[in-house]
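Trainee: Before we discuss this model, could you show me the sequence and the structure together?

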Amino acid sequence: MQRLGYRVTDIVAHHLATLRDEPVIASAPRAQLNASLGSIPPRQGSDFEALIGTLEQSVFPYHAREPHPGFLAYVPSCPTFPAVVGDWIATGYNFFAGVWPVAAGPNQIEMVVLEWFRQWMGMPEGSSGVLTSGGSGANLTALVAARHKAIEKGSDIRKLTVYASAQAHSSVVRAAWIAGIARDNVRTVAMDDLFRIDVADLKRVVAKDRAAGLEPFVVVASAGTTNTGSVDPLNDLADYCGSESLWLHVDAAYAGFAALSEEGKAMLRGIERADSLTLDPHKWLFVPFECGCVMVRDPAVLSDAFRIMPEYLKDVEPGEEEVNFADRGEQLTRYSRALKIWMSVSYFGTDVIRSEIDAAMDRARLLESLVAQSRDFESLCPAQFGIFCFRARPKGIAEGAFDGLNERINAKVVSEGRFLISSTRLHGNFSLRMCTLGFRTTDDDIRELFAALERALASELS
Ligand SMILES: Cc1ncc(COP(=O)(O)O)c(C=O)c1O
């Protein structure tokens, strides 16, 4: 066991220490990997070193290196090593974190971590939740709980309607579908120029739906959106939802942990008023996949929706003060995701994490300022929470050509292997998008990225 474990530790530590020398992404066609990895189940075991050799040859090279300093696409996940080790401990011990009596220690760690989150978000005492596979799982758990509450109060599921903006994450829409909400009843609410929900439009749509006999039950706000980091007007939405008895779910999967910093806390003002809240520790809390979280003001809404006690689980009823996390979501067998959070946050302390969050926001502003000083690039949305959307817009080129030009710039920069950025569409225009959360990325990396973008543009124009 020790030989295998030390060997793997060496491989992972070496991988993380040499990321800069590696391409940020490499892929391979399915046919090539199919040929090298085969598909016949092995009847006989293999030598461990031979297996490592197969991984080194056919697996390790072919992936996007999320913790790489040049990984600036989507929402990067950049775990600390103590968090990785915390995950190994959880799997090594194979804690069963579904019910209290069989994993009291690990379950108490989850209670502790959830309490940290409550304090960081400023939610009222008594708020708590459950760790999930990710933000998608958290959004689903919240919508199922909200739907259950509506049905308990006598609503007809066919009439329930959900409200979100077109910038809400796709997992919100999927969660509504899985929760049994009719697809036609997932409403898209208008936004302002900065991609934030227009509350006046929300009020109009809800009133119209009520007049048509539908039953509005949940509003989903984003705090920050995946595309631009925009935050819906949380206080206005909380006021409105309170007055209309609507459930307010806030999806802060991506930006929620920015509340640890003064700047982020100010940008997220009102988040504490959510009925339910999605957070993703595997994004900006620097822990490895998979780790999401749903927080609720009243944990009873989760147990009301999910609790079930079959005969074969009667032996593991929790005491009054204890929690069976299986009662707060869809998973009975679940591993202890809390260990990696607890290990990483305790090892570094929140001051270090806060300064990394601030540094990420500064890096996005650095790119924003380079773009602002350039004649050939323009901002498409102010930098927020480490995200910046922009495009090349050189003079003398027809407006209709910008999308193609920027697509080619994106492809060229990515093909060089040093940086992975991604793209989106804003107000109908193709946008380059950078998201810089990882703690290995430096200001110099951002300057080099901008130089690479300028070179790519120059080669397109030459
Ligand atoms: C705002 C937001 N919500 C939800 C999700 C989905 O989270 P996950 O991929 O962890 O399921 C994401 C993912 O990027 C996100 O940015």
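Mentor: This is a predicted model, in which local features need pLDDT of at least 70 and side-chain atom pairs count only at pLDDT 80 or more, while totals for chains, interfaces and linings use all residues. Residues are numbered from 1 along each chain as its sequence is written.

Trainee: In what order do the seven strands of the open sheet follow one another?

Mentor: Strands here are DSSP runs (E, at least two residues), as helices are runs of H or I with at least four residues, numbered from the N terminus, and two strands pair if DSSP finds at least two bridges between them. On that basis seven strands form an open sheet with mixed pairing, and their order is S1-S7-S6-S5-S4-S2-S3.

Trainee: Which strands stand at the edges of that sheet?

Mentor: An edge strand here has a single partner strand, so one side of it is left without a neighbour in the sheet. With axes taken as lines fitted to C-alpha atoms (for helices over the stretch in contact) and angles running from 0 to 180 degrees between N-to-C directions, the twist of this sheet averages 20 degrees from one strand to the next. The strands at the edges are S1 (128-132) and S3 (186-189).

Trainee: Which residue in S4 is the bridge partner of Leu-160?

Mentor: S2 pairs in the parallel sense over four bridges with strand S4 (residues 215-222), and S2 also pairs in the parallel sense over four bridges with S3. In S3 the bridge partner of Ala-164 is Thr-188, and in S4 the partner of Leu-160 is Glu-215.

Trainee: How many C-beta neighbours inside 10 Å does Ala-221 have?

Mentor: Ala-221 has its place in strand S4, and its contacts (C-beta atoms, placed from the backbone, within 7 Å) include Ile-197, Asp-232 and Leu-248, not counting residues up to four places away in sequence. The C-alpha atoms of Ala-221 and Thr-278, 57 residues apart along the chain, are separated by 10 Å. Ala-221 counts as buried, and its number of C-beta neighbours is 31.

Trainee: Which peptide bond is cis?

Mentor: Strand S6 (residues 276-279) and strand S7 (residues 292-296) pair in the antiparallel sense over four bridges, with Cys-293 in S7 as the bridge partner of Leu-279. Glu-290 is found in the loop between helix H11 (281-284) and S7. With omega near -5 degrees, the cis bond is the one from Phe-289 to Glu-290.

Trainee: Is His-427 buried or exposed?

Mentor: His-427 is found in the loop between strand S10 (422-426) and strand S11 (429-435), and its phi is near 50 degrees, a positive value in a residue other than glycine. With 9 C-beta neighbours inside 10 Å, His-427 counts as exposed.

Trainee: At about what angle does helix H15 (residues 402-415) run to S11?

Mentor: Four strands form an open sheet in the order S8-S9-S11-S10, with antiparallel pairing, and its edge strands are S8 (377-384) and S10. Helix H15 lies across S9, S10 and S11, and its angle to S11 is about 30 degrees.

Trainee: What is the radius of gyration of the protein chain?

Mentor: The protein chain has 16 helices and 11 strands. The radius, taken over C-alpha atoms, is compared with the globule rule of 2.2 Å times the number of residues to the power 0.38. The rule gives 23 Å for 462 residues, so the chain is as compact as a globular protein of that length, with a radius of gyration of 24 Å.

Conventions:
A residue is buried if 20 or more other C-beta atoms lie within 10 Å of its own, exposed if 12 or fewer, and partly exposed in between; C-beta atoms are placed from the backbone. Two residues are in contact if their C-beta atoms, placed from the backbone, lie within 7 Å.
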